[in-house]
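Please consult the sequence and the structure alongside the text.

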Amino acid sequence: MPHSHATLFNSVQAGDLNLANRIVMAPLTRNRAPDATPTALMGEYYAQRASAGLIISEATAICQQGQGYADVPGLYAEEQVEAWKPVTRAVHAAGGKIVCQLWHVGRISHTSLQPGNAQPVAPSALRAEAKTVLIKDGVPNFVVTSEPRALQAYELPDIVHNYAAAARNAVHTADFDGVEIHAANGHLIDQFLKSGSNQRRDDFGGSIENRARFLLEVVRAVTDAVGAGRVGIRLSPVTPANDAFDPDPQPLFDYVVRELAALKLAYVHIIEGATGGPRELVDRPFDYTGLRRAYRAAGGKGAWMVNNGLDKAMAEQAVKEGADLVAFGRAFIANPDLVERLCSGSALNEGDRSTYYGGGAKGYTDYPVLGQN
Ligand code: 8OZ
């Protein structure tokens, strides 16, 4: 749907969520939740960014098996759920809205993070050419991912149930405004979607319909749990992140969004190109406009959210061309007042990469707002 009068700075409806503007804080892993438990500092960090129309939380594990990185938060144990409450309260007190990104890493993990030091799980027993982050003595340390084992079909309903339970914890207990299903970046759901990581011969592998089955079962369980109007999903059709690969992504993702159209989600969030990298990949062409049209043609009414390395002019152009929401990641790390800076055309702070993953307040809650720098 083209928005002839839409700007980045006017309010917009995404399912049940009434958003003050079209600027979204993308999910950003920051590795500052020891024991998978959110902290008061995280509440301060998110509240500083509450002028975003919507904040998507950092990826948050739905079960311990879904953990793949040091000091990332969870939403399955009671202490974790309790510890999220002051975070959502701080964001709401600052006038913002926040959804929780629900995450299972699948094979992007390390035995030291898994229950009983077990192997990570995946659609197929194929190791990813990827690294994960462990933290030793406060210092982030990149290690290769462990060899996964293939999930048995009888284990899948439990994982689907864990997504729904985490969604309930998020919305009904921790007071998030909704949830985003993380189906991107080579993590579990994306591993099922793409044939580079899925060689299953059962109902969850092979054809496009089969590879999309796990995703759709998760979406149905989560929408049943908290209502579709509070559920979004993030997809990354061509990202090479975490060794994700499919030789023919267009029909796969066209199918996924057509199926999602009937499920009445609040929004569909698309990473265009390589996550945190180039928007165009010469060896992985993809038609994003065609994807949006496939969703709309199938009756999809959710907000269409685009992401990846956009500046203000590109974001405005995207809205002109039919995007409803634009998610900014790295820019929100370094600019808590990104909305005001974009609105006034002010310069942006540069982020310090050395403090992206792990640590404390430095490079987290100490970036200046306009007038302070
Ligand atoms: C950066 C570092 C660790 C995890 C993703 C959740 O790529 C992540 C992630 C990003 O989706």
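How do the residues of the shell around the ligand divide into nonpolar, polar and charged? The shell holds four nonpolar, four polar and no charged residues, where Ala, Val, Leu, Ile, Met, Phe, Trp, Tyr, Cys and Pro count as nonpolar, Asp, Glu, Lys and Arg as charged, and the others, Gly among them, as polar. The model is predicted: local features need pLDDT of at least 70, side-chain atom pairs count only at pLDDT 80 or more, and totals for chains, interfaces and linings use all residues. Residues are numbered from 1 along each chain as its sequence is written, and side-chain values use heavy atoms, with hydrogens and water left out.

Around the ligand (a heavy atom within 4 Å) are Thr-29, Ala-59, Tyr-69, Trp-103, His-182, Asn-185, His-187 and Tyr-357. A polar side-chain atom of His-182 lies 2.7 Å from a ligand oxygen atom, and a polar side-chain atom of Asn-185 also lies 2.7 Å from an oxygen atom of the ligand; a polar contact is a pair of N or O atoms within 3.5 Å.

The ligand sits in the largest pocket, in the sense that more than half of its atoms lie within 2 Å of the pocket's grid points. A pocket is an open set of points on a 1 Å grid over the protein atoms alone, where a 1.4 Å probe fits, with protein on both sides within 12 Å along at least five of seven lines; lining residues have an atom within 4 Å of a point. The largest pocket is lined by 40 residues, and α10 gives the most, four residues.

Key:
Polar contact = N/O pair within 3.5 Å; in protein donor to acceptor, adjacent residues only side chain to side chain. Helix = DSSP H or I, 4+ residues; strand = E, 2+ residues; numbered from the N terminus.
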